[in-house]
Amino acid sequence: MISADRLLPLWLKYREALETPVRTFEFEKFGRRFEDRTYQMGVLNLSPDSTYRETVCHTFEAALYRGKRMTLEGAAMVDIGAESTGDTADIVAAERQIDRMRPVVRALANENILVSVETYHPEVGVALLEAGAGVINLTGRVDDPSFYEAIAFHQAGIVLCYTPGENARSQDYLPPADEIFDHQLTFFKERIKLATDAGIERLWVDPGFGFALHLPDGPDRIRYQTDSILQSFRLRELGWPVTVQLTGAVYLFRDEVRVAQTSAATLAVMSRANLVRSHEVPRVQPVLNLQDFG
C-alpha cells in the first residue's frame, strides 16, 4: 500500500538525492525551457504493433493531427516511435523506421513542435535530427562518440534509457528491485560521460523502458513498476532531470485502463520526476498542472 508510512521513510533516507538540484536547459528554436518540475512527452506511435492502440497513427495526416493536438493539450514534446517493444512485435529495419518517421518529424518540426525520436539505432537518430527532431529518446546502448557529437552539433537533447541488455528489445532480465539502483547508477555515469564529453548540454535519465516487461501483467509487475517510479527521484543525485514512463495495468484497472496513467502521473509528481512519457496527454496534464497551485 502507498501511504505516508511508506513514503516518508523513503524520502528521509534519501533526502539528499530528493533535494539535489537538476540542470535547467532550453531548446531555443522551439521556445521550450525545462526547469525542475514535471513536464509531459506525449506518445505518437507509427508502429502498427503497438499494444496501446489509441496512440497508433496509420496515416501521415493522423500523425500530424495527433502531434498538434497533444501539444495543444499540454505536451512539452511529442515522442515518435516506429517499432514496438512488445515481445511479439516485428523488428523494423532502420531504413524503414526512417521512412516512417521522417515525414512526420519534418512536418511537426516545421510547426515549431519539439519532437523526440525513440530508437536504439544511431543511424535513425542522426537521420531524424537532420529532419528536425530536437531530442533522441535512446532505448539502447550506443558507444560511438560520433553519435553523441551529432546530437550536440544539432543543439539537440537526449533521453538516456537504462537497458539491462543492448536495447529495449533484448531479452535481458532486470536486476532484482533491491539491486537495480546500483546497476542504473553505474550505467548512467558511463553514458552521461559519453554524452557530455561530446558536448551534449540537454539530457534526461530514464530508469527503465517500461519497467519489468519480462513480468506478466499482474501483482508482481505492478509492485515492481510502482516501486521504480517511487524511487526514481534517487537518480537526481546525478544532477540531471529524470524521465519516467507512465505505466498502466489491465490487471488492476480492467476496462478503465486508460485512466491508469493518471494514477501513475500522481506518483511521478510526488517522486519529483521531470518528464513523464504518456499515452494519455489530456488525462495526465491536469495532474501536472496541480504544480501551479502548490
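Reply: Helices here are DSSP runs of H or I with at least four residues, strands are runs of E with at least two, and both are numbered from the N terminus. By that count the protein chain has eleven helices and ten strands. Its radius of gyration is 18 Å against the 19 Å that the globule rule gives for 294 residues, so the chain is as compact as a globular protein of that length. That radius is taken over C-alpha atoms, and the rule is 2.2 Å times the number of residues to the power 0.38.

Before zooming in, the ground rules. This is a predicted model, where local features need pLDDT of at least 70 and side-chain atom pairs count only at pLDDT 80 or more, while totals for chains, interfaces and linings use all residues. Numbering runs from 1 along each chain as its sequence is written, and side-chain values use heavy atoms, with hydrogens and water left out.

Buried residues make up 55% of the 294, where buried means under 20% relative accessible area, exposed means over 50%, and partly exposed is in between (1.4 Å probe, protein chains only). As for contacts (heavy atoms within 4.5 Å), take those between residues at least 6 apart in sequence: 67% of them join residues at least 24 apart.

The part I'd pick is strand β10, residues 275–278, and in particular L275. At 0% relative accessibility, L275 counts as buried. Leaving aside neighbours within four places in sequence, L275 is in contact with F34, Y39, Q40, M41, M77, W204, V242, T243 and V244. Now look at the lead-in to that strand. R272 sits in the loop between α10 (260–270) and β10, and R272 is partly exposed at 30% relative accessibility. Its phi is positive, about 60 degrees, although R272 is not a glycine.

Q155 counts as exposed, at 55% relative accessibility.

M101 belongs to helix α4, residues 94–110, and M101 is buried with a relative accessible area of 0%. S47 is 54 residues from M101 along the chain, yet their C-alpha atoms are separated by 9.9 Å.

Last, cysteines. C57 is buried at 8% relative accessible area, as is C161 at 2%. The structure holds zero disulfides, a disulfide being a pair of cysteine sulfur atoms within 2.5 Å.
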